[in-house]
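Subject: Structure handover, aromatic rings

Hello,

Please find the structure below. My notes on its aromatic rings follow.

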Amino acid sequence: MKFSITATLLSVGLARSTNIILTNDDGWAVAMIRAQDTALLNAGYEVVLSSPAEDKSGTGTSTAPPTVLTEPCEFDTCPTGSPPVGFNASDPRLNYVNSFPVDAVSFGIETLANQFFGGVPDFVVSGPNVGTNLGPDISGSGTVGAANEAALLGVPSTAFSAKGLSQVAYTDLDNDDADTFSAEVAAALTVEFVDALLADGKPYLPVGISINVNYPASSPTGCASTSDFSFILTRIAPNASVTDVETCGTDHLPGEAEVNVTPGCFASVSVMNATTEGDVDAITQAFVLNRLGGFLSCLPS
């Protein structure tokens, strides 16, 4: 992927002193979250990773106190008997929590942020998840659950998910293969979205509101660069009887599932109530529309 020097400098300038907790439900050692960590750091953000010790996909908003490891962390990144929470010895910013995604993001916000940032983080990035999280079924997603937990704790957040990713170890990023390519494209897209959302300063989102973003698959032969993608404002569940914010010549937003299967490189952006994990009213949608401005596009007719 190619980026202009000007765009890179703008991103770094925006990101300076912006503190982010990075989490997911696929585990602390999966390739995607480590690619995202690197991309955010390279963009100038301050980042602390706080994720489950093991793959906890599909656990939604489940919660439990962290416990001692009765088996190794995923990809053998910590041994049996390791403490309930721990970190990478060579990089203490990389932290595991042996519990659910909700518990991992809570630990990041309430404990790690104080340790590394000296206070509450500015933003939470949850994901990108290995696989999409679309429509009413998002309530089962741990990645979405973690983003909503952050919003309920008073920290603005976005859940990111992507088609075409694989549940492989971070060491796979050393290989020049399809998994690495997809992870790096998703990571770069997430940086661009975060840059756009945070560009105008606080408040980034209304209280108790999060965003659900889903990317289509990328490959060297299709959706190969961030410049190929367009971000579309959507609803989690389309509803013709509800009046949405007016954009692209209509006051009825498309459903995120519809956008995800539209031919092309279209990413869906749904504004989400963190309590109900459902859609919001037109006024709240308008807040996000105004924040993102020209970053958003319209589906072709």
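A charge sits over a ring if NZ of Lys or CZ of Arg is within 6 Å of the ring centre and within 35 degrees of the ring normal. The charged end of R34 meets this over the ring of Y170, 4.5 Å from its centre. Likewise, the charged end of K56 sits over the ring of F100, at 5.2 Å from the centre.

This is a predicted model, in which local features need pLDDT of at least 70 and side-chain atom pairs count only at pLDDT 80 or more, while totals for chains, interfaces and linings use all residues. Residues are numbered from 1 along each chain as its sequence is written, and side-chain values use heavy atoms, with hydrogens and water left out.

Next, the ring pairs. Rings of Phe, Tyr and Trp (its six-membered ring) pair if their centres lie within 6.5 Å; planes under 30 degrees apart count as stacked, over 60 as edge-to-face and the rest as tilted. The structure holds 8 aromatic pairs. One of them is F123 with Y204, edge-to-face, with 6.3 Å between centres and 85° between planes. F123 lies in strand β5 and Y204 in the loop between α5 and β7, so the pair ties together parts 81 residues apart in sequence. (Helices, H or I of at least four residues, and strands, E of at least two, are DSSP runs numbered from the N terminus.)

F123 is buried at 0% relative accessible area, and Y204 is buried at 8%. Buried means under 20%, exposed over 50%, partly exposed in between (1.4 Å probe, protein chains only).

F231 and F295 form a tilted pair, 4.7 Å centre to centre with 35° between the planes.

Regards
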